[in-house]
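Subject: Structure handover

Hello,

Here is the structure I promised to pass on. Please open it and keep it beside this email as you read.

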Amino acid sequence: MNAIDRRTFSRILTVGTAGASLPVLPVTSASASSSASASAADGEKSAILPPAQAGTHTSFGPLKQIHAGELNMGYAEAGPAHGPPVVLLHGWPYDIHSYVDVTPRLAAAGYRVIVPYLRGHGTTRFRSDKTFRNAQQSVIALDIIALMDALKIEKAILAGFDWGARTADIIAVLWPERCKALVSVSGYLITNRETQKAPLPPKAEWAWWYQYYFAVERGRLGLAQYKHDFAKLIWKNVSPTWHFNDATFDRTATAFDNPDWVPIVIHNYRWRLSLAKGDPRFDRLEKRLAQSPAIAQPTITLDGELDPFTPPGNGASYREHFTGAYDHRTLKGIGHNLPQEAPEAFAAAVVDVNAL
């Protein structure tokens, strides 16, 4: 899961709300754009997207594999081969099924949709046993650049949540020529490790318990031994009104059986807390990211109202980081796994940002 800028984080996980009822999904937006109808894939014509109720779809069909940098990456693909490319990036502890209802909706609207397994997840594998199992933020972004190169995608709309939103944000600032537009759940998520060192108020620290658990050997062993139970607990706590069933969880949980899942997860969180070193080859990139560079591409940011990691202020806390065309939407009654809980709203944001 993502650690937002610690200067803006003030929300805290509320225990005991798992039984709350899910209200009809309203979207509050900083602009008048509608989630019921949106611009077509070419950004000019108007198109009504097909319905995308959560839980409608259960599978992507056959997955694909391709060599991309250090990885042999597994990914789902849908839509016309020459449609405007969209890359959808998942978070932790999730996988590509966060987009199982978003993808067919975008494909029907004419987009070429690519949904990759991040390193350490699903069918994505390291090409060499000798490769450092590195999960610092810049290297995950480099994986996606390598995937785009392998697929001969020069520029794409990037959309993500959690680790995926951070990765999309990083590509937007380090390789702006590769990002046509951006949909970022929870806004600006690029990590500044110096800022991360500052303590939060105790109640806020409590929400990040798993990070500190992962910092010690007991946490690594616990994740390895109880990874499915661990992930299911996280799902319930951070999406209190999402009543997923066992089949939905089990489809994603197979992605955690990747032999590199535990090393990648542990390194990611330890690196953020400056408890693990990254690869010196990427020091220059990390120094640039530590300066919190602005994002100039057209952007729509999304917040789940019930996501404990949503910063306060209806997007105001990170608004200054986005200098291009911009819209913000808060989804009422929605938690952390926003694209799977509210696929219609997420897909509409992708289509709408293409026309900003």
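Two residues are in contact when heavy atoms of theirs lie within 4.5 Å. Keep that cut-off in mind for what follows. The model is a predicted one.

**Trp92 and its surroundings**

Start at Trp92. Which residues is Trp92 in contact with, leaving aside its neighbours within four places in sequence? They are Met1, His121, Asp162, Trp163, Tyr210, Phe214, Phe230, Trp261, Val265 and Tyr269. A cis peptide bond joins Trp92 to Pro93, with omega at about 0°. Pro93 itself is found in the loop between strand 6 (85-89) and helix 1 (102-108).

Trp92 also belongs to a cluster linked by ring pairs. Other members of the cluster include Trp163, Trp208, Tyr213, Phe256 and Phe309.

**Aromatic pairs and the core**

How many aromatic pairs does the structure hold? There are 30. One to look at is Trp163 with Tyr269, a tilted pair.

Next, the largest nonpolar core. The core has 104 residues. Leu88, Trp92, Leu106, Tyr210 and Phe346 have the most contacts inside it. Helix 2 (residues 137-150) gives the most to this core, with 8 residues.

**The chain as a whole**

Now step back. The protein chain has 13 helices and 12 strands. Of its 356 residues, 58% count as buried. Take the contacts between residues at least 6 apart in sequence: 81% of them join residues at least 24 apart. The accessible surface of the chain comes to about 14,000 Å². Carbon and sulfur atoms account for 55% of that surface.

**Helix 9**

Helix 9 covers residues 246-253. Its buried residues are Thr248, Phe249, Thr252 and Ala253. Why do they count as being on the same side of helix 9? Because they cover an arc of only 130° around the axis. An α-helix has 3.6 residues a turn, so residues three or four places apart point the same way.

What do the buried residues of helix 9 pack against? They pack against helix 8 (227-238) and helix 12 (338-341). Asn245 caps the N-terminal end of helix 9. A side-chain oxygen of this cap lies 3.3 Å from the backbone nitrogen of Ala247.

Asn337 is found in the loop between strand 12 (326-331) and helix 12. Is Asn337 buried or exposed? Asn337 is buried, because its relative accessible area is 0% and the limit for buried is under 20%. Its side chain makes a polar contact with the side chain of Gln340, at 2.9 Å. Not counting residues up to four places away in sequence, Asn337 touches Tyr94, Ser98, Phe161, Ser239 and Trp242. Asn337 and Trp242 are 95 residues apart along the chain, and their C-alpha atoms are separated by 8.8 Å.

Arg112 lies in strand 7 (residues 112-116). Arg112 counts as buried too, at 13% relative accessibility. Its side chain makes a polar contact with the side chain of Glu77, at 2.7 Å. Leaving aside neighbours within four places in sequence, its contacts include Glu77, Pro80, Val86, Leu151 and Ile153.

**Out in the loops**

Lys152 is exposed, with a relative accessible area of 72%. Glu154 is exposed as well, at 60%. Phi of Lys152 is near 60°, a positive value in a residue other than glycine. Glu154 is in contact with Met148, Glu177 and Arg178, leaving aside its neighbours within four places in sequence. Glu154 and Pro85 are 69 residues apart in sequence, yet 9.1 Å apart in space, C-alpha to C-alpha.

Asn314 also has a positive phi, about 55°, although it is not a glycine. Look for Asn314 in the loop between strand 11 (299-304) and strand 12. Asn314 is partly exposed, with a relative accessible area of 47%.

Best wishes

Technical notes
Residues numbered from 1 in each chain as written. Predicted model: local features only at pLDDT ≥ 70, side-chain atom pairs only at ≥ 80, totals over all residues. Heavy atoms only, no water. Helix = DSSP H or I, 4+ residues; strand = E, 2+ residues; numbered from the N terminus. Buried < 20%, exposed > 50% of the residue type's maximum accessible area, 1.4 Å probe, protein only. Polar contact = N/O pair within 3.5 Å; in protein donor to acceptor, adjacent residues only side chain to side chain. Arc of directions from axis to C-beta. Phe/Tyr/Trp six-rings, centres within 6.5 Å; stacked < 30°, edge-to-face > 60°. Core = buried A, V, L, I, M, F, W, Y, C linked by side-chain atoms within 4.5 Å. Areas by Shrake-Rupley, 256 points an atom, 1.4 Å probe, with all protein chains shown as cover.
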